[in-house]
Amino acid sequence: MSNAKQIEITDVNFDSEALQSPLPMLIDFTAAWCPPCRAIAPHIDAIATAYDGRIRVGTCDADSNPELLAKLDVRAMPTLLMFKQGRVVGQIVGAAPRAKIEALVSKALD
């Protein structure tokens with residue numbers, strides 16, 4: 001993980017870190033073998049820094065957390081899910097420009 005502001009999300013800690021988060025949380029479902037995941041990683045890092053204190057940002061390794069992917073019906077990488085008060089309030093599937101990811105985050109902050 002490249003950014004200390006990002007939290008590693010797993011099958012085990014998802015409920016405590018994401019569902020019970022006091023702040024909205026963006027989770028990037030990613031995989032090491034996925035080129036589009038690597039393409040958006042700098043955007044995720046930048047957003048984690050830019051919105052520090054207003055949202056939390058997590059990454060979830062798809063290959064290591066099959067239960068969580070099944071529970072959330074995540075089928076493609078990358079998938080970005082925005083959680084607020086324990087519910088999914090938005091998602092982006094596939095590589096997206098930073099502006100689109102920021103729009104997802106902004107919607108959760110309204």
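A salt bridge is a side-chain nitrogen of Lys or Arg within 4 Å of a carboxyl oxygen of Asp or Glu. The close-up views below are taken from a predicted model, which holds four salt bridges. Side chains of opposite charge can pair when their charged atoms come close.

**Figure 1. Salt bridge between Glu102 and Arg98 within helix α4**. The side chains of these two residues, Glu102 and Arg98, come together with an N to O distance of 2.8 Å. Both belong to helix α4, which covers residues 98-109. Four residues, or about one turn of the helix, separate Glu102 from Arg98. Glu102 is partly exposed, its relative accessible area being 21%. Arg98 is also partly exposed, at 31%.

**Figure 2. Salt bridge between Arg56 and Glu17**. In this view, the side chains of Arg56 and Glu17 meet at 2.5 Å, N to O. Arg56 is part of strand β3 (residues 56-61), while Glu17 is part of helix α1 (residues 14-19), so the pair ties together parts that lie 39 residues apart in sequence. Glu17 has a relative accessibility of 23% and therefore counts as partly exposed.

**Figure 3. Salt bridge between Asp73 and Arg75**. The closest N and O atoms of Asp73 and Arg75 are 3.0 Å apart. Asp73 counts as partly exposed because its relative accessibility is 48%. Arg75, by contrast, has a relative accessible area of 72% and is exposed. The cut-off for the exposed class is over 50%.

Note on methods: Residues are numbered from 1 along each chain as its sequence is written. This is a predicted model: local features need pLDDT of at least 70, side-chain atom pairs count only at pLDDT 80 or more; totals for chains, interfaces and linings use all residues. Side-chain values use heavy atoms; hydrogens and water are left out. Helices (H or I, at least four residues) and strands (E, at least two) are DSSP runs, numbered from the N terminus. Buried means under 20% relative accessible area, exposed over 50%, partly exposed in between (1.4 Å probe, protein chains only).
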